[in-house]
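This report covers a sheet, the strands within it and the surroundings of a ligand. The sequence and structure are shown first.

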Amino acid sequence: MTFFQMVASAEERNNSHLCIGLDPKLSQVPQHIQNNHNALFDFCTAIVDATKDLASCYKPQIAYFAAEDACDVLKSLIGYIHETTEIPVVLDAKRGDIDSTTERYAAEAFEVYKADAVTANPYLGIDGIAPFTQYENKGVFVLCKTSNASAPQLQDCVLQNGRRLYEHVAELAATEWNGAGNVGLVVGATMPEEALAVREIVGQMPLLIPGVGAQGGSLEQIIAAAAGGGILINSARAINYAGSGEDFAHRARSAAKALRDDINEMARQKNKQVFVSYT
Ligand SMILES: O=C(O)c1cc(=O)[nH]c(=O)n1[C@@H]1O[C@H](COP(=O)(O)O)[C@@H](O)[C@H]1O
């Protein structure tokens, strides 16, 4: 099964376009598990156990594990998700380099961590993308219009062809870079106008959309803009830290369920395609 087939099947099974971010910070996990031998693993797997009927994918961000010297935990966590669910894992690593080094990054993501998809940085051009897309069953989400306040500094620059840089990235990702049909784009929920522009360029291509919840992006606005093709709405902190007591996993579940249901209700109102399609 390809990554996008796995997502489509999880979307259908769980009636969900929700991507649950797993961004654990030891100092923020509930007190009662902070001293556990494997606290980050226990925290993340409890959230996975509590939400596996609600998610269409999980997205651990590698920095949260690397910063705690816990890359082995990330590897075990991805293994656990594969063993206990049929939900695909997007490794948020935002890698990209010259081709020979990107080839190593691709091996890291897909062979060491065994992720089903990655996020990738387009700044180096196709050399930073092709080593990922060559794994045809894996997915590659190319950063296009990010959710952060300073995103326009580079991404809105107007090019000689009259397009903004992020529009040019969208165009390349939908054409030259997508020979295997395994590319999607990252578009921030805080950027609905730009999401609309991207959707017009890329047709039904899947969009990974972080920025609701802790970053305050409007769910209604981003769904209005991004519907018309696959959408995977990501939330991490608002789900991970919905509770801080013994019932944290139950609270995470409630937050995930509320967001999943809101996404579905807003998508229903827009009456446009929101499922990830695949060839
Ligand atoms: O590639 C990403 O996932 C990403 C792109 C982007 O534009 N903005 C963004 O917030 N992210 C990631 O999405 C997650 C958002 O987390 P919360 O703001 O806690 O929901 C973090 O792991 C970010 O690193």
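## Strand β4

In this predicted model, strand β4 (residues 117–120) is covered on both faces. Ala117 and Thr119 on one side are buried, as are Val118 and Ala120 on the other (buried: 20 or more other C-beta atoms, placed from the backbone, within 10 Å of the residue's own). In a regular strand, side chains alternate between the two faces of the sheet.

β4 pairs with β3 in the parallel sense over three bridges, and Val118 is the bridge partner of Leu91. The β-α-β crossover from β3 through helix α6 (residues 99–112) to β4 is right-handed (clockwise from the first strand over the helix to the second, with the strands pointing away from the viewer). Four bridges join β4 to the parallel strand β5 (residues 139–145); Ala117 stands opposite Gly139 there.

## The sheet

The open sheet has eight strands, with parallel pairing and the order β2-β1-β8-β7-β6-β5-β4-β3. Strands are DSSP runs of E of at least two residues, helices runs of H or I of at least four, numbered from the N terminus; pairing needs at least two DSSP bridges. The edge strands, β2 (57–60) and β3 (90–95), each pair on one side only.

## Ligand shell

Among the 20 residues around the ligand, Thr146, Ser147, Pro210, Ala236 and Arg237 come nearest (C-beta atom, placed from the backbone, within 6 Å). β3, β8 and α12 (237–240) each supply at least two shell residues.

## Basis

Residues are numbered from 1 along each chain as its sequence is written. Local features need pLDDT of at least 70 and side-chain atom pairs count only at pLDDT 80 or more, while totals for chains, interfaces and linings use all residues.

Note on methods: Buried ≥ 20, exposed ≤ 12 C-beta atoms within 10 Å, placed from the backbone.
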